[in-house]
Amino acid sequence: MQEITHQFNSAWTLFLDRDGVINERADDDYIKKWEEFSFVAGVPRAMEKLAATFGRIILVTNQAGIGKKLMTEKHLNEIHRMMLKTIDLLDGRIDKIYHAPELPSPDAPLRKPGTAMALQAQKDFPEIDFSKSVMMGDSLSDMQFGKKLGMVTVLIEGKADDFTGAEPDYIFPSLPDFVKALM
């Protein structure tokens, strides 16, 4: 297991991607309702340890299924409400969720790798310092998002992207594996 050399504490903010990190990714589809949502094994329990370590935990997720009219904001909010309820029951937390409903295009600043979701989080929580922030995700756009803002980046293995120019600082098989290395 990779050794973590940073000293993370309550002064740090953790930014998390959702699909592939918190929940299992749907093969060539979108998670459109709670019944399709399945946590990655060990994630709800691991969120308790992350809550005890990081001062803020922010979820940033691209959700083009809304832009494609495959689901609505109401559906997404219900998924997130149930996800948060499960995490809260196990003493974990996510302080706020930001999502980008747009379709992929150069005119979609909310979508990662654009940084608008992080800038909104910093506006909502002025104590967020990107030099003391971690971006954990499973895609090239997640790593680019973190690198643009000067964050430490953690890649959760899964997608076979080429990370040239956005090499992650750490690579783990899953969020719970990252938590094991923290402890």
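1. Strand S2 (56–62) is mostly covered, with six of its seven residues buried. Buried means under 20% relative accessible area, exposed means over 50%, and partly exposed lies in between (1.4 Å probe, protein chains only). Helices (H or I, at least four residues) and strands (E, at least two) are DSSP runs, numbered from the N terminus.

2. A word on the basis. This is a predicted model, where local features need pLDDT of at least 70 and side-chain atom pairs count only at pLDDT 80 or more, while totals for chains, interfaces and linings use all residues. Residues are numbered from 1 along each chain as its sequence is written, and side-chain values use heavy atoms, with hydrogens and water left out.

3. S2 belongs to an open sheet of six strands, in the order S3-S2-S1-S4-S5-S6, with parallel pairing. The edge strands are S3 (96–100) and S6 (170–172), and each pairs on one side only. Two strands pair if DSSP finds at least two bridges between them. Neighbouring strands of the sheet are turned by 20° against each other on average, direction ignored.

4. Two pairings deserve a look. S1 (residues 13–16) runs parallel to S2, and four bridges join them. Here Leu16 stands opposite Leu59 of S2. S4 (residues 133–137) and S5 (residues 152–156) also run parallel and are joined by four bridges. In that pair, Met135 stands opposite Thr153 of S5.

5. Helix H3 (residues 73–89) packs on the sheet and touches S2 and S3. Its direction makes about 150° with that of S3. Contact means heavy atoms within 4.5 Å. Axes are lines fitted to C-alpha atoms, for helices over the stretch in contact, and angles run from 0 to 180 degrees between N-to-C directions.

6. S5 is largely enclosed by the rest of the structure, because five of its five residues are buried. Val152, Val154 and Ile156 point one way from S5. Thr153 and Leu155 point the other way.

7. How do H1 and H6 cross? The axes of H1 (residues 43–53) and H6 come within 9 Å and cross at roughly 40°. The two helices are therefore oblique to each other. Angles under 35 degrees count as roughly parallel, over 145 as roughly antiparallel, 65 to 115 as roughly perpendicular and the rest as oblique. On the H1 side, the contact residues include Val43, Met47 and Leu50. On the H6 side, they include Leu175, Phe178 and Leu182.

8. Pro173 lies in the loop between S6 and H6 (175–182). Pro173 counts as partly exposed, at 46% relative accessibility. Not counting residues up to four places away in sequence, Pro173 touches Ile156 and Glu157. Pro173 and Gly114 are 59 residues apart in sequence and 25 Å apart in space, C-alpha to C-alpha.

9. Ser141 is found in helix H5 (residues 140–148). Is Ser141 buried or exposed? Ser141 is buried, because its relative accessible area is 19%. Leaving out residues up to four places away in sequence, Ser141 touches Asn62, Lys112 and Pro113.
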